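Hi,

Here is the structure I promised to pass on. Have a look at it first, and my notes follow below.

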Amino acid sequence: MIWEFRTDAGNLLREYLANTVTDALLFVIVFQVCRRIDLPGIPAAPFWLLISLALLFPLVRVGKVNDMLLRGMMPVLILIGCCLVYPLTAQPLPKVLMALRGKAVCIIIVLVLLFPASIGIGRFYRAARFNRLTALWSPVSSKFVPIPYNAYPSLYETLRQRWSRQEAEQYLGKTDSFYEKYIAPPLDP
């Protein structure tokens with residue numbers, strides 16, 4: 001199931017390098033900078049294990065959208081965040097500010113860490129602009145078109161008609177799969 005839904009290997013490699021590897025590299029740089037300026041931190045072994053998981057999880061695809069990058073990475077990213085924030089919270093704020101003050105690397109790291117927030121703000125802005133309320137106020141300029149809750153008979157049909165058959169079939173399951181044999185509840189006769 002690795003990359004089952006990806007056909008363009010070049011784009012896949014660019015996406016992996018631009019997203020996953022860049023993020024992991026940034027985490028490593030922040031971790032090393034905190035260690036170098038003598039802020040107390042966690043031992044290196046758990047951090048490197050988390051970084052390894054962060055690099056490996058996106059290689060496993062469970063479906064078109066339900067991949068480990070979106071679902072399975074959340075606990076790993078939260079733990080990495082705890083590793084990176086701990087050195088800053090373990091000391092009094094004046095001591096941390098004194099350690100960070102005047103270091104260009106630290107300022108650059110803070111700016112780079114703030115950059116992804118702009119993506120989230122952009123999505124929030126889009127959701128605030130194109131929704132049912134804004135469609136009522138200005139129907140001509142709004143792009144929001146709601147899907148009625150009963151427009152499709154099932155999730156499969158919704159995905160098949162609005163996106164693709166491949167995306168819809170990921171929810172059908174495979175016969176004789178590991179899940180069906182060992183995990184799923186037995187069917188009533």
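Which residues are exposed on the other side of α2? They are Ala45, Leu49 and Leu56, where exposed means over 50% relative accessible area and buried under 20%, with partly exposed in between (1.4 Å probe, protein chains only).

Before more, some housekeeping. This is a predicted model, where local features need pLDDT of at least 70 and side-chain atom pairs count only at pLDDT 80 or more, while totals for chains, interfaces and linings use all residues. Residues are numbered from 1 along each chain as its sequence is written, and side-chain values use heavy atoms, with hydrogens and water left out.

The chain has nine helices and zero strands; these are DSSP runs numbered from the N terminus (helices: H or I, at least four residues; strands: E, at least two). Of the 189 residues, 23% are buried.

Back to α2, which covers residues 44–56. Its buried residues are Phe47, Leu50, Ile51 and Ala54. Seen down the helix axis, they fall within an arc of 100 degrees, so they line one face of α2 (the arc is taken from the directions from the axis to the C-beta atoms).

Phe47 and Ile51 also turn up among the residues with the most contacts inside the largest nonpolar core, which has 24 residues. Such a core is a set of buried Ala, Val, Leu, Ile, Met, Phe, Trp, Tyr and Cys residues joined through side-chain atoms within 4.5 Å. α1 gives the most to this core, with eight residues.

Ile51 touches Ala24, Phe27, Val28 and Ile80, leaving aside residues up to four places away in sequence (contact: heavy atoms within 4.5 Å).

Cheers

Methods. The expected span of a helix is 1.5 Å times one less than its number of residues.
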